[in-house]
Amino acid sequence: VTEHVLVIGGTRGIGRAVARAQQAAGHTVSVVGAHPPEGAGGATPAIRHWVADVTNEAERTRALSEIVDECGKLTHLVLLQRFRGTGDAWQGEIETSLTASRAVIEACAERFDGRADNSIVLVGSVAARFVAGEQPVGYHVAKAALEQMARYYAVTLGPRGVRVNCVAPATVLKEESAEFYRRQPEILDLYRRVVPLGRMGTAEEVASVVGFLCSPAASFVTGQVLVVDGGVSVLGQEALARRLTIPDERNTI
Ligand SMILES: NC(=O)c1ccc[n+]([C@@H]2O[C@H](COP(=O)([O-])OP(=O)(O)OC[C@H]3O[C@@H](n4cnc5c(N)ncnc54)[C@H](OP(=O)(O)O)[C@@H]3O)[C@@H](O)[C@H]2O)c1
């Protein structure tokens, strides 16, 4: 019996990389997005797409019921949706990241297949702890709250055999942003100098960490936040200053 992985926000970006990796691993994959996947990098054959705005109760309820009816109960649930709308950013971030995640998790709690290992992964951000000037305050607050949501549901869903974890990536290269960074070699050079692993990460590298948490290899891991940032968040200020000013210092702190 194949595993069934539901990816909320899997039509593009990191979510699409998660969906593709899970499909490549031989699992049945259902994807929910607010719009149908578009363009050459859009739909992936063998992945079922459902169009639903998860902030809308009727659309969310219908989609989750159809998904389980047509593709079976869930083995893993991954939530990556984030607000990209034009309206009030605070309200949008809270509704899209938090209220909708809570609603999806509570609706899915009864819909896991009851195998030895079921799990939920919430995709947060390093902006839960650090301040990213390019993102609004609501993004930061929502991402910080998602980490506590993972801990809350780890405790309350643990007795049902459902693990709940959070993955917190730094900015990563994804298909949609690759061209932007190719045209900005100075940004890539800065990443090379600042990140202990010497480069930006990729959507696929976030997807593989999600894959680890959604596998029996992580069967005793719950309520945790796994940071995927090439080590940049453990770099001290002095080390950072030296890396930026003394080229040879990069590997020798
Ligand atoms: N990109 C990065 O470098 C980075 C870094 C740190 C953390 N993250 C986090 O990783 C996650 C994915 O990031 P990303 O850049 O790949 O995001 P993205 O390109 O904006 O994709 C977001 C996905 O969520 C879906 N979505 C948004 N609102 C929805 C709604 N109301 N109902 C249903 N689906 C909805 C979108 O569907 P449609 O396409 O149909 O609208 C899309 O599939 C986000 O939570 C983000 O905060 C990303």
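Which handedness does the crossing of α1 and α7 have? The crossing of α1 and α7 is right-handed; a crossing is called right-handed if the near helix is turned clockwise from the far one by less than a right angle, and left-handed if anticlockwise. Before going further, please keep in mind that this is a predicted model, in which local features need pLDDT of at least 70, side-chain atom pairs count only at pLDDT 80 or more, and totals for chains, interfaces and linings use all residues. Residues are numbered from 1 along each chain as its sequence is written, and side-chain values use heavy atoms, with hydrogens and water left out.

Let us stay with that pair. Helix α1 covers residues 13-24 and helix α7 covers residues 203-213; helices (H or I, at least four residues) and strands (E, at least two) are DSSP runs, numbered from the N terminus. The axes of α1 and α7 are 8 Å apart, and the two helices pack at an angle of about 55°. Here axes are lines fitted to C-alpha atoms, for helices over the stretch in contact, and angles run from 0 to 180 degrees between N-to-C directions. The pair α1 and α7 is therefore oblique, given that angles under 35 degrees count as roughly parallel, over 145 as roughly antiparallel, 65 to 115 as roughly perpendicular and the rest as oblique. On the α1 side, Gly13, Ile14, Ala17, Val18, Ala21 and Gln22 are in contact (heavy atoms within 4.5 Å) with Ala203, Glu204, Val206, Ala207, Val210 and Gly211 of α7. Sorted by type, the residues of this contact are eight nonpolar, three polar and one charged. In this sorting, Ala, Val, Leu, Ile, Met, Phe, Trp, Tyr, Cys and Pro count as nonpolar, Asp, Glu, Lys and Arg as charged, and the others, Gly among them, as polar.

Now find a second pair, helix α6 (residues 185-194) and helix α8 (residues 237-245), whose axes come within 9 Å and cross at roughly 130°. α6 and α8 are therefore oblique to each other, and α6 passes α8 in a right-handed crossing. From α6, Leu190, Arg192, Arg193 and Val194 take part, and from α8, Leu240, Arg243 and Leu244. The contact of α6 with α8 has four nonpolar, no polar and three charged residues.

Next, look at helix α3 (residues 89-108), where threonine 96 is found. Threonine 96 counts as buried because its relative accessibility is 11%; buried means under 20% relative accessible area, exposed over 50%, and partly exposed in between (1.4 Å probe, protein chains only). A polar atom of the threonine 96 side chain lies 2.7 Å from the backbone oxygen of glycine 92. Leaving aside residues up to four places away in sequence, threonine 96 touches Thr55, Gln81, Arg82, Phe83 and Ser101.

Leucine 98 also lies in helix α3, and at 14% relative accessibility leucine 98 counts as buried.

Our last stop is valine 162, in strand β6 (residues 162-169). With 2% relative accessibility, valine 162 counts as buried. Beyond residues up to four places away in sequence, valine 162 touches Phe112, Asn118, Ser119, Ile120, Leu157 and Thr222.

Key: A polar contact is a pair of N or O atoms within 3.5 Å; within protein, one must be able to donate a hydrogen and the other to accept it, and residues adjacent in sequence count only if both atoms are side-chain atoms.
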